[in-house]
Amino acid sequence: MKRWIAGLFTALLVLYNGTAAAATSAAAACVMEQSTGRVLFSYNADAKLPMASTTKVMTALLVFEQGNLSDEVVCTKNAYGVPGTSIYLNLGEKLTLEQMVTGLMLASGNDAAVAIAEHLGGSVEGFAQMMNERAKALGADNTHFITPHGLPMEGHYTTARDLTLIARQAMTIPRFRDLVSTQRASIPWEGRDYDRQLRNKNRLLSDYPGATGIKTGFTRAAGRCLAFGARRDGMELVGVVLNCGDWFDEAERLMDTCFEAYDMLTLFRAGQDARAVGVSGGMDRSVRAVSQTSLSVPVREGEEAKLVVDLPDTVQAPIYAGMELGTASAVLNGETLLTVPLVAARSVQAESFMTNIKTILLHWPLLGGAR
């Protein structure tokens with residue numbers, strides 16, 4: 001059944017450079033495989049478009065990368081009463097950064113976004129500069145942030161490809177991953193004898209098996225926008241649809257399509273032995289190079305990924321267990337999809353005068369018995 005669906009999928013798509021392009025209900029869309037970043041589906045993926053509250057993926061990424069979650073964050077006059085979705089912060093109210101980012105991602109609090117921005121960046125403008133610098137570092141070259149929340153503003157835009165790159169990076173952070181897969185949470189509410197009850201609006205978390213997140217967004221200018229992800233059969237996807245009326249249904253359809261058309265091919269397993277590397281000046285003459293992680297990549301039927309091992313002939317002692325000696329890479333059509341380190345399986349001491357003396361003494365009875 002899977003092969004039949006994959007065949008139909010291929011017949012309906014135009015395939016080029018290993019990337020699938022097809023009509024979609026979204027104004028722009030992109031789906032990547034999480035570990036390699038290989039684009040499995042794209043449509044109008046480099047068009048600059050507004051992205052509404054999916055902006056907050058970058059806001060949260062900076063929180064987890066650069067913030068101290070136990071810090072106290074104050075709701076200033078700028079954060080108080082920001083239009084749109086809100087966690088209804090009181091002027092001067094204080095929450096921890098962790099509680100603020102929970103309100104940001106589950107309830108899409110625009111007030112929390114401004115409070116976070118001022119806390120981490122000193123001002124919204126300063127935080128926007130941080131956002132843009134991080135986007136550039138991730139290769140999101142067609143993105144420009146002005147706000148931490150995504151309310152309509154001229155010059156605030158991204159692309160489906162760029163936002164997928166940002167979401168992919170965020171999903172490498174366990175605390176971010178846990179947060180965006182959470183359906184309900186509560187945080188304190190100053191001046192009340194009960195907590196704020198937060199509910200995630202991402203329907204995929206309850207309706208789509210294996211869903212991992214990530215963030216919804218809507219304004220009239222941007223339309224319905226969604227950053228999404230899911231795991232199935234050893235493969236994890238991350239993707240974005242921008243200005244997509246049936247956002248959840250379309251995200252499900254795109255992920256189903258990619259899961260059916262691609263399989264994960266494992267070229268090297270965690271703990272697998274690559275080969276021996278010579279050791280110069282060591283107590284042992286060689287050491288085995290092994291992989292600490294598996295090397296698996298997404299491929300379509302008929303594609304062949306090659307394993308390329310890059311190791312030196314010899315290394316200089318001392319060698320420590322876990323020391324990186326080289327790499328193993330998966331290459332498809334001349335493109336390197338993923339590289340993992342190859343490390344020393346054990347330690348090798350360097351030769352020294354004292355170690356040579358110890359060796360002689362250990363063998364002294366044998367030497368004596370030979371006379």
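Two strands are taken to pair if DSSP finds at least two bridges between them, and strands here are DSSP runs (E, at least two residues), just as helices are runs of H or I with at least four residues, both numbered from the N terminus. Please keep in mind that this is a predicted model, in which local features need pLDDT of at least 70 and side-chain atom pairs count only at pLDDT 80 or more, while totals for chains, interfaces and linings use all residues. Residues are numbered from 1 along each chain as its sequence is written, and side-chain values use heavy atoms, with hydrogens and water left out.

Overall, the chain holds 11 helices and 19 strands, and 50% of its 371 residues count as buried, that is, under 20% relative accessible area with a 1.4 Å probe and protein chains only.

Let me turn to one hairpin. Strand S13, residues 273–280, pairs with strand S14, residues 286–291, in the antiparallel sense over five bridges; within this pairing, Asp273 has Val290 as its bridge partner, and Val277 has Val287. Five residues lie between the two strands, and Gly281 in the turn has a positive phi of about 75°.

S13 also pairs with strand S17, residues 314–316, but here in the parallel sense and over three bridges, with Val279 partnered by Val315.

Which order do the strands of the open sheet follow? The six strands run S16-S18-S19-S14-S13-S17, with mixed pairing. Because S16 (306–310) and S17 stand at the edges with a single partner strand each, one side of each is left without a neighbour in the sheet.
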